[in-house]
Amino acid sequence: MKNPTIEREEKIPECKIPINIPMPVKLSLKILALFLLLLQKSWMSLTVTAAIFTVIYIVTGGWISFLFLFCCMSSILYQAEDGLLYYPDVPKNSRVVVLEPTNLGMPNETVYIRSADGTLLHCFLIRQPEPICNQAPTILFLHGNAGNVGNRLPNVLGLYKWLGANILLLEYRGFGLSKGKPSEGGFYADARAALNYLHSRNDINSKEIIVFGRSLGGAVAIDVAACPEYSSKIWAVVVENTFTSVPDMAKILIGSYIRFLPLWCHKNKFLSLDKVLRVTVPCLFLSGLSDDLVPPAMMDVLFNRCGSSTKQKCVFSNGTHNETWRCQGYFHAWMGFFLEIRKKDATLADTNITRSQPSMHLVINSV
């Protein structure tokens, strides 16, 4: 089968520091870049704080004004973590313009669902033609920390054509056309709401629902699968180029000195390293070894700690953070994993044994 003709996924700009400069200079540049980004994201709060500090210092002087400054700066830095992690406006106009699947030849239904707190979420449901759609597996697609679902459509087209799957594209709160403001807890609630929505429909196969997440979406997928109430609603989990936790990523992107910060200083944690132990549904780990954002070693750690008795890891030597799906063998890895799960499910049905018994722990190398 020929790979479908797929246009290149729109890239999200990255700011990189050259590696051929002294480490102290590189560290200084990182701190400067972080300060400038913080200034860009929170300039209004910083301006108000500076004005109030000046007034308090003139009136009271001394330690009271500096205590106020410390408390305000701590609060601003804590709240600014959202702006350092979530980029719903990148690429430009991502909160206004969302490319529809029909533009790439995929029939879709625009869906609005409500999260547990009432936040209105925008989704696209792409279904296979009748009557295939009623028996096809359905993928809940959880995107990364920037852009909208329209930016992922070239990848989605490959999943649609190669796997013959239905796909629900969820836009988290604060992304694309969804309402609300991005937050870790909100993302978890949004994914659960999307899963509940799929189970409320009678025109899809609710026995084969796959939760797929790339990068930050992988952390959301692991959280949902680790919850016993929702793991029973999931047939399999697929994660791609995701991380062990946000604090671990901060050590890499900002500097190892971040390790001295207590965990409560991190507003967003996404502690997949702990949660993956509680994942028992079949799991596929797709790792691009040329990922220059999330270290592939983090995928190795997650795979080894995963509590599922049925898990596979497929590595792609040329796979980058956002475009591992372009590597040869990528879609075949999905298909092979589905085939193995179906074989195991058939065996379980025939022999009346449970999924908790030891099964396959495979590592597949690709190009």
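**Close-up views of a predicted model**

Phe270 is buried, with a relative accessible area of 0% (buried means under 20% relative accessible area, exposed over 50% and partly exposed in between, using a 1.4 Å probe and protein chains only). This is a predicted model, in which local features need pLDDT of at least 70 and side-chain atom pairs count only at pLDDT 80 or more, while totals for chains, interfaces and linings use all residues. Residues are numbered from 1 along each chain as its sequence is written, and side-chain values use heavy atoms, leaving out hydrogens and water.

View 1. Phe270 is not a glycine, yet its phi is about 45 degrees. Look for Phe270 in the loop between α7 (246-253) and α8 (272-275); helices (H or I, at least four residues) and strands (E, at least two) are DSSP runs, numbered from the N terminus. Asn93, also a residue other than glycine, has a phi near 70 degrees. Asn93 sits in the loop between α2 and β1 and is partly exposed, at a relative accessible area of 44%.

View 2. Setting aside neighbours within four places in sequence, Val220 is in contact with Leu142, Tyr172, Phe187, Tyr188, Ala191 and Phe270 (contact means heavy atoms within 4.5 Å).

**View 3. One face of helix α9.** In α9 (residues 296-305), the buried residues are Pro296, Met298, Met299, Leu302 and Phe303. Down the axis of α9, these buried residues fall within an arc of 150 degrees, so they line one face of the helix; the arc is that of the directions from the helix axis to the C-beta atoms.

**View 4. Two cis peptide bonds.** Val90 and Pro91 are joined by a cis peptide bond with omega about -5 degrees, and Pro91 belongs to the loop between α2 (62-85) and β1 (108-114). Another cis peptide bond, also with omega about -5 degrees, links Glu130 to Pro131. You will find Pro131 in the loop between β2 (120-126) and β3 (138-142).
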